[in-house]
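Thanks for asking me to look this one over. Here are a few notes to read alongside the structure.

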Amino acid sequence: MTEPAGPTPPSPYPLGLRLGGRRVVVVGGGAVATRRVPALLDAGADVLLVSPELTPALRAHVDAGRLHWEPRRFAPGDLDGAWLVQVAVDDRAAAAAVSAAAAERRIFCVRADDRTAASAWTPAVTRHGPVTVAVLGGGDPRRAMATRDAIRALLGRKGPLLTPAVEEGAPLNTGGRVALVGAGPGDPELITVKGWRLLTEAEVVVADRLVPGLLLDELRPDVELVDASKIPYGPSRAQEEINRILVDRARAGKVVVRLKGGDPYVFGRGGEELLACAEAGVPVTVVPGVTSAIAVPEVAGVPVTHRGVAHEFTVVSGHLAPDAPASLVRWEALAGLRGTLVILMGLKNLAAISATLIANGRPADTPAAVIQEGTTAAQRTLRSTLGTVAADVEAAALRPPAIVVVGDVVHTLTSTILA
Ligand SMILES: C[S@@+](CC[C@H](N)C(=O)[O-])C[C@H]1O[C@@H](n2cnc3c(N)ncnc32)[C@H](O)[C@@H]1O
């Protein structure tokens with residue numbers, strides 16, 4: 001079918017297709033199909049893929065039972081019952097045959113090989129929670145993507161585009177709610193996209209001392225910021241008080257973000273806060289964060305596992321001394337492990353911890369590293385051995401927050417690079 005002649009072609013008519021349970025046929029099993037299929041699956045489409053061959057990524061969808069695959073070339077009958085067809089093949093003649101079969105059946109047809117021959121165009125898309133922005137570039141996909149990228153950058157920032165209702169004083173969602181958001185280990189760019197979006201929507205932010213300051217610096221002035229002051233060995237507002245604030249603010253209809261260092265459930269008391277909200281009948285979600293337990297060693301050049309070196313890593317809190325009656329850690333058992341030991345909150349008890357590990361069999365010459373304020377501009381790294389690490393930390397005046405890593409992985413990358 002040809003489009004009406006004229007100096008400028010008519011503009012496309014934008015639609016949001018609700019594809020849940022509806023058959024969509026994808027013809028082709030290469031790179032284009034690999035890019036297109038996830039969004040179709042995300043929309044709940046019943047995808048039929050027709051192609052003699054598949055990329056490994058598409059095969060993974062087939063193996064997981066997410067779509068139907070016909071391992072052969074296209075036949076017009078494949079379109080029976082379909083609502084939409086995506087042609088993802090280079091071969092113009094084969095693509096034209098699909099187009100013709102689609103037109104005969106009044107099915108919209110997207111063409112990867114020739115946009116001018118297509119009856120539908122796929123827009124460049126950016127998704128922000130419930131909001132989907134789709135951009136058509138007047139036939140120029142690069143223009144569409146550039147515009148989409150600009151909008152995505154705007155939406156990624158705080159501002160009126162994302163939070164018009166909040167700016168005017170009314171919450172986006174009239175019901176109060178709490179999100180427990182992992183802020184990552186220190187670098188403000190290590191928060192997740194979802195965590196960042198929720199932070200831009202928040203009316204109340206209850207923040208730990210260890211969360212990246214720059215994230216707080218960028219909050220809107222009208223956001224209520226509550227400092228939970230949970231610094232190691234320092235003053236700490238009682239957990240009950242934090243729980244109370246979360247519940248009270250949410251009950252008052254506020255959108256609350258509880259911003260926590262690293263991941264909320266790694267020595268973060270996130271579980272207690274989730275239970276407190278749930279018990280109070282307050283809607284609550286958790287957004288995972290990049291935990292310092294893995295990220296901080298990583299940025300200091302220490303992979304927590306490495307092929308042929310460590311097949312396990314154990315994350316343990318050192319906030320209680322090994323002989324403390326309340327300790328839940330079996331340090332003597334940890335001493336028998338060959339893999340990597342990652343100790344959080346362990347500086348104060350490091351002498352006792354290393355002595356216990358050595359006394360129970362971990363060799364004193366096992367490499368050890370201590371990383372203070374990892375992923376931030378103030379990061380400091382000390383390399384040592386289990387036998388001397390406590391004294392070396394004291395001599396270097398390292399202080400919390402810091403992570404101690406014990407195991408051969410400490411030298412793996414440096415020795416490889418130096419070799
Ligand atoms: C209460 S725990 C919270 C851990 C956090 N939930 C996480 O997943 O990273 C605090 C401890 O995490 C470690 N830590 C957190 N951020 C750190 C950083 N940027 N550098 C070094 N250690 C860090 C320190 O051992 C600190 O004492």
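1. A word on cavities to begin with: a cavity here is a set of grid points where a 1.4 Å probe fits but cannot get out. This is a predicted model, and a search of the whole structure turns up two cavities of 30 Å³ or more.

2. The second largest cavity holds about 30 Å³ of space. Its lining consists of Val32, Arg36, Gln86, Val87, Ala88, Val110, Arg111 and Ala112. Helix H1 (31-42), strand E4 (84-87) and strand E5 (108-111) are the elements that each give two or more residues to this lining.

3. Now have a look at the open sheet of five strands, which has the order E10-E9-E11-E8-E12 with parallel pairing. Strands E10 (224-227) and E12 (284-287) stand at the edges with a single partner strand each, so one side of each has no neighbour in the sheet. On average, neighbouring strands of this sheet are turned by 20° against each other, direction ignored.

4. At one end of that order, strand E9 (residues 204-207) pairs with E10 in the parallel sense over four bridges. Val206 has Val226 in E10 as its bridge partner. Helix H8 (residues 239-251) lies across strands E8 (177-182), E9, E10 and E11 (255-260), and runs at about 155° to E11.

5. Is Thr55 buried or exposed? Thr55 counts as buried because its relative accessibility is 19%, and the cut-off for buried is under 20%. Thr55 sits in the loop between strand E2 (46-50) and helix H2 (56-63). Leaving aside residues up to four places away in sequence, Thr55 touches Gly29, Gly30, Ala31 and Thr34.

Note on methods
Residues are numbered from 1 along each chain as its sequence is written. This is a predicted model: local features need pLDDT of at least 70, side-chain atom pairs count only at pLDDT 80 or more; totals for chains, interfaces and linings use all residues. Side-chain values use heavy atoms; hydrogens and water are left out. Two strands pair if DSSP finds at least two bridges between them. Axes are lines fitted to C-alpha atoms, for helices over the stretch in contact, and angles run from 0 to 180 degrees between N-to-C directions. Contact means heavy atoms within 4.5 Å. Buried means under 20% relative accessible area, exposed over 50%, partly exposed in between (1.4 Å probe, protein chains only). On a 1 Å grid over the protein atoms alone, a cavity is a set of points where a 1.4 Å probe fits but cannot get out, and a pocket is an open set with protein on both sides within 12 Å along at least five of seven lines; lining residues have an atom within 4 Å of a point. Grid points are joined across faces, edges and corners, and a volume is the space filled by probe spheres set on the points.
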